[in-house]
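Dear colleague,

My notes on it follow directly after.

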Amino acid sequence: MAHKKVMDRCEEIREWLFPYLKGDLSPVLSKGVERHLQSCSRCRNELMLLRELQRLEMTGKRGAVDPAVFIEELNSAAGSMPATFPTVKNVIRDMEAICGDSARESGEKTMQLLSIIHSFLTQTRTFLQSRNRIRAGREWIQLEKRRAALLTQVLQHPCTRFLKDVIRLQAEAYVSRGLIFQIHGDTQNAEASLSLSVVLHWALNTSDDLQTQRFLGELKYYEGDLDAAEYLFLESLGHQTVDPREQAVLLRNLGNIEYSRGNLSGCRNYLEQAMTISLTLGLPDYPARDLMNLSVIDFSRGAVDSAEKKCREALDLLHLSTNVHLKGQLHANLGTFLAVTGQTEKASTQWNKAMLFFQNGYFLKDTVQVKRNIVLSDYENGHLDSAEKILVSALTEYSERDALLCQLHILMARIQRLNHRFSEARDHAGRAESIALECKEMLLLDAAILEQIFIALRDNRSSDLAQLISRSSASRKSKPINTPSIFDLENESLLVEVFRTLGDRRGAARCLRRLKRMLRQLRQLQPGSYACIQNAVGESWADILNRLTQESNNI
């Protein structure tokens, strides 16, 4: 029912987005739309799409050509793509021929010249990538810089003087097209369009590309190309014209990169700089978010008390703020920190507050994530009936086929297996496997298959067991574990038991070696999580490793 109310509200808001964008709504309705946009990412994406379409239309009216026209032309001529490098000399010769044709109108000449430039940039990238196999990192940046340098040579020719203003408009059009692709989930075309925009700005030597560089850097970060993203962020940050708010965003992005690399001190340094800038600007939401991220770093280091203190400081900053989503996130994190220290009742109070904030803002996914945290706490404390009840309500509310739904089904499969309801457990594990395959979540896929392995082992279904173990091995090879969670460690430990029961000594030894490697990674990247494991099993780091080594040797 709650999900239906959210959808009905979203449909109503979306009918008002276009008049809101044009400024035709009354002040009361405008405020209502703005409140909803603060809490609804889907409607924000819809507004962003409308805004970019409007900007694309405006740049077209001012003289730019929709990049889709060029893309269509190139696709139709893909078979005639030159096998040799398209030189600046050949491009200038073609442009001179167009400029010297008196029979053509000026508008037609402009479009054809822009088409030649677009084809030149696209062909140089295709040629360089095919020859050098450049896909990511600093080499990718060098390729883009080389394309910009080649275009600079082209634009130095006298026949391109009147084109520079139009090329600036064209760069804006590429940004809009790239953001539209990104909203639709087409990251490949989004990256190509944003790259073209950045290259055009580099060739023109303007500072207008700073925000576009950030957009491209964020996309590169999302794709996992941390080196390229870092270069783009640092270059924008070092520019003299970058404004303080943009500077704080760039620092946060650099902090995210360092966190992904496991460099927690570097991440902390960037976030503290961003927080200092945000505080001087008088924007409470941004320093509160920085404090929240710093608390997560402290938690990862095992400094739970410091993490809790920062969370409470962030909540004090948000005392008068209307950002219900950020308040909900802080209460949810605070609940997790309290649960780790064994304060389950206080943790439950914080999680309930988080759910109230999320429910008031119609944040369905965040509400369900908090419920998952409560389920995990109940599961670890042996309160299976309470965990099952909350899981049933979460599965009733949430229907998005993503990693979160997969985790919920895996948890339900475990609880049902412990309650000896094996057919229901098998059903939930099968659903989790199906969702994990759709989402390409290999670690969750392995966990879902593992649940089915235990049930097959109990039922003595040897043919199904062999097939399931084969599927599990395939999923584990396809994606190595870089940042293991406690969930992954539990799966690995259970699989050791499976192989031992089957008498497969090699399989058990492989799992034990993998478990040792995961523990080492966890100790290095997330000391706080590792400290939780030590408390749970009552062993020190050395004792755990010695025991695992001894077990491996015995096998």
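Which residues does Asn-373 touch, not counting residues up to four places away in sequence? Asn-373 touches Thr-336 and Trp-351, where contact means heavy atoms within 4.5 Å.

This is a predicted model, in which local features need pLDDT of at least 70, side-chain atom pairs count only at pLDDT 80 or more, and totals for chains, interfaces and linings use all residues. Residues are numbered from 1 along each chain as its sequence is written, and side-chain values use heavy atoms, with hydrogens and water left out.

Asn-373 lies in helix H18 (residues 364-380); helices are DSSP runs of H or I with at least four residues, numbered from the N terminus. With a relative accessible area of 18%, Asn-373 is buried, the term being used for values under 20% (1.4 Å probe, protein chains only).

The largest nonpolar core has 72 residues. Such a core is a set of buried Ala, Val, Leu, Ile, Met, Phe, Trp, Tyr and Cys residues joined through side-chain atoms within 4.5 Å. Leu-330, Val-370 and Ile-453 have the most contacts inside the largest core, and H22 gives the most to this core, with nine residues. Apart from it lies another core, of 41 residues, among them Leu-121, Ile-141, Cys-159 and Val-199.

Of the 18 residues of H22, 13 are buried, so this helix is largely enclosed by the rest of the structure. Asn-460, whose phi is positive, near 60°, follows H22.

Yours sincerely

Definitions and conventions:
Buried means under 20% relative accessible area, exposed over 50%, partly exposed in between (1.4 Å probe, protein chains only). Helices (H or I, at least four residues) and strands (E, at least two) are DSSP runs, numbered from the N terminus.
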